[in-house]
Every structure is written in C-alpha cells, then in structure tokens.
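Have the sequence and the 3D view open as you read.

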Amino acid sequence: MSGRDRARVTALLGPTNTGKTYLAIERMLGYRSGMVGFPLRLLARENYDKVVRLKGARQVALVTGEEKIVPPGARYFLCTVESMPVDRPVDFLAVDEIQLCADAERGHVFTDRLLHARGEAETMFLGADTIRPVLRALVGEADIVSRPRFSSLSYSGPRKITRLPPRSAAIAFSAARVYELAELLRRQRGGTAVVLGALSPRTRNAQVAMFESGEVDYLVATDAIGMGLNLSLDHVAFSRLVKFDGRRPRRLRPAEVAQIAGRAGRHMNDGSFGTTAELGPMEEELVARVEEHRFESLRAVHWRNAELDFATPERLARSLEERPPRRELLPVRDAEDAQALAALSRDEALRALADHPEAVALLWEVCQVPDFEQTLSDRHAALLGRLFRHLRGPTGRLPEDWVAEQIGRIDKTQGEIDSLIARIQQVRTWTYITHRGDWLGDAAHWQERARATEDRLSDALHDRLTQRFVDRRTAVLVRRLRDGEPLLAAVRRNGEVIVEGEPVGRLEGFRFRPDDEAQADELRAIMAAARKVLADEIPARLRALEAEGDEGFALDPSGRLLWQAMPVAKIAAGSAPLQPRIEVLPSEFLDGRQRERIRRRLAPWLERHLRRKLWPLFRLAEAPLKGGARGLAFQIVEALGSLPRRAAKSQLAALSKAERRAFADLGVRLGAASLFLPALLRQRSIELRALLWAVQRGLPAAMAPRGPLVIERGSRRDGDEETEAFWLAVGYRRLQRGATAVSIRADAFERLAREARRLAGESPFAPDAALLTQAGGDRTVLTLLLAELGYRAEETPEGPRFALRRGPRKAPKRKPRPRRAAPDSPFAMLQKLKKSP
C-alpha cells in the first residue's frame, strides 16, 4: 500500500457557519504544500487573497478556468474544483461543498474528486451532512466529523418588504424580480445592494462592499448568495420558494432553503429567516427542518466515466455514456460539454477534422469551453466550431486578428444593466479561452486584454446598479408606495401604461418608454410603478409573440424586426449576408431565456421572409452546380446578386454550353458588363439587399438608390472598395473618373452596351440621341461608360466618335499546301488520270 493510499481522509460535515473552510485553510498551511478546490471562482479568489497575505504571493497559486496565477515556486494552490491540477502531488488536499456531487450539471466533477483526488498526507472533504451516507459508501476509509453551527438560526415569520429590519437580504429567483424588490427598497429605504449569479466577481464584490461598509442597509439577491459570500447579515427574507432549475420551475428543497437562510447570523451572532408578506408564512415542517438542520440524505451522486476513448468522436461519445459501476452513482444526463460534442459531431466538415486521437482530444477540450450566457443558443456551438477549425488549421493557433475582433465587439461600456451583464458573460467565455495557453501565440497579452475588458464592464455595471438602486424618493407615486398604499395600474391595448389613472409611459414591444413629459426626478418612480404592473404583462406578451402568425412580423428599413408594428429585435452580422443573426432589443424586463425564446420565434420567420423576397439568390445558392460553375454561383451570391464581368472572366471562359444554359434557367444574366439577376432589380429587392450589405459590415442601414442611373459630381472617393462593394450589392456598377462618379443599374448598363454594339457596325460611330439618353444626356458620363465596355473615344471636328479598342493584329492562319507526290509514285499517276479528259 502506497503512502498516498495510507493518507488520512477526513470528511468535515455540517451546516453553514461552522468554520469548515477556515479549518481547512489552517490545516493546509500547516503542511509544506497543499491544494483546496472551491465551487466558485469568487471563493477561490477570496481565499487566495487571504493566503497571499499570510504566506506571500510567491508561494501561492490561483487556478480557475478564467484566471491563472502560478508563480514558479508556488506551494499552495487555491482553485475551482474543475481546474484543480490533481496530478500535482501535494501534502494536503481539500474539496469544499462536496455535497455538490449531487448537482446535475457539475456533480460528476465533484464525484471524481471524491473518488480520486488525494493529498499525500491528508485529504479533507467539506460540505453538508446530507452527503454522509453516500460518502461513507464510496470512501469507506474516511473519518466523518460533524461540526455544529456557531450561532442559532430561527424563523421570524412573514414581513412586508418595506418593514424588513436593517442588515436584511431579500431573496428572489429571477433578475426581473430582483430589480422589482431592489427598486421598492430604494424608494422606501434609500438604497440596496444587488447580487445576481450573472454578476462578475468584481461587480459582486463592489456591491457587497457597499453593504458591508454600511452605505446601504439592504441586499437583494438570487440564490447566488447561498454560496461563497460571508456577510454581516442578520435576517434573510424569501420572496419566493419556487425557482427555475434550468429545466422546470420547482420548489426549493429544505437543504437549499437552509443554505440561503444560513447566510444570516455569521460566527457567534444569531440570525433569523422568514418570508415577505406577499409570499405568506412558511410551512411548519420546512421551518423545523431548517432550524434543526434535518434534511433528507443524498442517496446517489452524479458520475461520468473519466477514462475516455479518443479514437473517434463516436467512440468518445460512447465512452462518456458508460454506465456507472455502483448503485450510488448516477449517470450524467445532457451535460453541456456532451451536448456540444453531439452538435459539433453532426457537422461533417468538423468531424472530418477529428481524424486521429489527438484531434478528437482537442475537439473534447473545445467542447468544454463554458457557455456563461446559459441561453441554450446554437450561437455557442457555432463559436466552438470556429475554435476547432482554427485550432486544426496550419498554425494550430487562434488567429489573433479574429480574437481581437471578438473581444473588441464586447468591449463596450454603454448600455443598460442587462446589456452589460450579457457582455460580461460573453467576455468570461473569452477569458476562459485565453487561459488555454497553447491556443494563442501570445496568451499572456490576450489574458490581460480579456481581464481588462471584464474589469471595465464590471465597473460600468456596478455604476449602473448603484445609479438605479441607490437614490432618494421624490414624486407623488413614491410617497404612495412609501405609505404602503397599493397602486392601481393597467396596460391598455395600444401599450399605454396607466398608474393611478395617469399615463406614465408606453410599452413598445418588451421595452417600457416613460412619458416624454416626465421630469427627471419622476422617472425612477415611474419605472418602479411600471415594473409592478408589467410583472405579469411581459410573460403574457411573450406567449402572444410565440403564438403569432407570420403576418404579425415585419423587417423595417433600419433592420429592426417588428411584432405588431413594434420593434422587438434587430438583425446583425451573421456568417453570411443571407444569414444575419437576430439580436433581441435590450429590455430590463427580459432575462436571457426569454430573449432566447423571442429569437427562436423570429429566426424561422426571418429565413422565410428573406427567401420570399430574395428567392433568386437562395435558388442560385442551392442549385446543384459543380466545379467552376458552383464557384461562380457562390461569388454572385456572396456579392448579393451581381458581379463585374471582368471579375469572373476566367470562370466564364471555362463554362460549358450546358452550364451557361443552367445559369440562364436560374435567372442569371451573363451580360457584356455584368453578371446579375434581373429579378432582384426591383426597388424592394434593392432596398433589402442594401440593408443586408450594411448589416453584414456593421454599418448603419444604407439608403438604397432609385432609378437606373446615379451621377455624382465632386466625388473624391476614387478606388474606395467598400463603396464599389455597396453598389454591386444593390445591382449597380460604379465607375469614376476624376471628380465624376457614375452608378448605373446592371440592366441599364446592358441596354447601353446593346445599343453601342448596334452602332459599332459603323465603327467609329457617333453616339445617337438614344444612346446619349441612356447616359443621362451627359457626354462625359457616356464616355466613362463606353470606356468600361471597351470603346475608345476619338475627337473629330464633328464631335467625339467611338470605336472598339483592338489588340495587336494576329497573322491569318494559312491552309497548309498539299504535298506534291514524286513523279513516279502511284499518287502522281492518279493525279494525271484525274486531270485527263
């Protein structure tokens, strides 16, 4: 038996506020080396800072998915459980909150640590007593030690939210409800701190610091408060006892209630818990269980096979699904990384890149990049696909210009609370990616860039939260709410919001617009009243949108998606011009899942709408062409329907007659000047193409041209590729000489070319009135257009004449002379016979 097998294993079990973490850190520092795994990045960072103060930065390492600080001589490692370097030998090893082995998403990682992670001298598992039976069955050698709570926790019944004592926390389970309670406490008590699971550690710490310093006496939080925050709380009030767990709404289990309520009464100070008056009293049995710490024991924990088969993606998936070896172990269902693997494996091109074990292992690493937005969106799978393609490319690294573009798109501190939270969640994914040192050439630079972006967004979010929820009461509505009087409010059919008989604003889609005449000091009160009435209205509207027929939606000229003539989303740059993304417009009344539901309803409508309006492009994109013809079709589609003929000269020369007929059948005109789709030259099609072009480049919606010819005088943008690309995208050819720019619609250019060919039979020819009319009656414009078609101008006393440019003359091919036969050959005799009469 090895020394590692003989090492002491201790399970330190008990409720919150029992000093378990403090003891584990103290034990670790008594050894030469140690490691502790925490359930949250926030906790790992907090304890890292503590140990640094005791031992110095050179001896302490921080290892999380999003942050790595590992000095060369580090002896003590503070980590998230997923990031623990368990192959590194240490004298002491501990895992905090070990009862999370039962968590459906992350539990298998905790179970793996429970079964396999050990310190050379001592191992310690910290957590709730509910895991005792399972732990005893799986780790029979463990000494189980119970820890009593330092202080008592008692139930104090329901109270109005406005009558909560100072140093209280109100608990809700959605961002919208948190905002509602925070606004109410701001009006009645002058301000509150806010803690949401979606906040970054930096923002969360800043909000908690306001509470701890006494700047505010109240805290409104989700169940994120239940783990990782040590606060000077006296009372916890639940406004709900039902939460959405990612799959369905369900009641909180007694142990979960206790985990949150246990934040009250830290160390030797007793705490209390209760409910809001709106919720009503807790059940007696639930109260007794929480007060006496009596909870149903866990019967099993989640497990996933750690011995993975990287031979092929299919064998990897099968190895992940291997059945647990013991009845105390439950298989993991629908894990995010496994779902990502399944999604990427359905892509034939990606699967082809995973053609050997090392590539499959890389694919699995990419699948483990977390989706911090948690919106169940296919956008994350698309990001993972791009990561894998780049990493399997020639360099094996992520292109730095692409990484810069992705982070730069997020690095914007404008916007409201929900927009900033969404950007923080996005940059956290990139922070994780940059800490994969072998994925980037200059990993340290990109880690700093991502961290700085997260810090800026976090500071901006803290400012917005403080501005919104820490303020003074002002208007009449505020006084009514302060006195506890109920507000009479309603939403009219036209979206007008009425409070106490007075219009206070309008609900446009899912966004509330305060009354334009409201004074600045009234706006917060108006928003508070609106939140109260809209708490039920928004879910009802969301259901109505999901049930709406296609006729209820529209795309306006600015790129906004309208529902019943109200903007609810906008289109943004996608993977191709014909595949724009949908971004739901910001609304403080919508959480991430609700925004995703809106996007999922709008996405199929938008595809049908674009197919209906631009059907020739989609038909060309999906035509069963091959080889060079398919490449030419792709170029036309990518350019949104038109190309200069000279840009496709080689492809056109290689087309067979059958392929030319196929293009004609698909509605493609292979003209003298341009390749284009005449069916897309109607004004509405031009306007839609202009919009898609601008959106794909992240530009404001461009004004679509009208008429077959546009002449600009004094233009100085000669050679501007973006300008030329725009005109091509809307079916025009743009030409410029000096300060004169001419944009002519493709069909008009072909008519002019046809007229010029008719006249060219009398080369050189003088332009007639019909030809000059097609150039807007302007000889300078006509000269520019004919030059593009290959005609040169010759000045004569009668005026300019035009002739086709000719290249150097080629010598005419001569027929070979027949060879004379020898006089005595049979062929000579035959020739004489033919000549004789």
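(Buried means under 20% relative accessible area, exposed means over 50%, and partly exposed is in between, using a 1.4 Å probe and protein chains only.) Its partner is Glu596, and the two form a salt bridge whose closest N and O atoms are 3.3 Å apart. A salt bridge here is a side-chain nitrogen of Lys or Arg within 4 Å of a carboxyl oxygen of Asp or Glu. Glu596 is buried, at 7% relative accessibility.

Helices (H or I, at least four residues) and strands (E, at least two) are DSSP runs, numbered from the N terminus.

## How the model was read

This is a predicted model, where local features need pLDDT of at least 70 and side-chain atom pairs count only at pLDDT 80 or more, while totals for chains, interfaces and linings use all residues. Residues are numbered from 1 along each chain as its sequence is written, and side-chain values use heavy atoms, leaving out hydrogens and water.

Side chains of opposite charge can pair when their charged atoms come close.

Glu687 pairs with Arg706, with 3.3 Å between the closest N and O atoms. Glu687 is partly exposed at 33%, whereas Arg706 is exposed at 59%. There is also a network: salt bridges with shared partners join Arg202, Glu448, Arg451, Asp455 and Asp459.

## Two helices side by side

Now find helix H15 (residues 400-410) and helix H17 (residues 443-469): their axes come within 10 Å and cross at roughly 10°. Axes are lines fitted to C-alpha atoms, for helices over the stretch in contact, and angles run from 0 to 180 degrees between N-to-C directions. H15 and H17 are therefore roughly parallel (under 35 degrees; over 145 is roughly antiparallel, 65 to 115 roughly perpendicular, and the rest oblique).

Which residues meet here? On the H15 side they include Val403 and Ile407, and on the H17 side Trp446 and Leu457 are among them; contact means heavy atoms within 4.5 Å.
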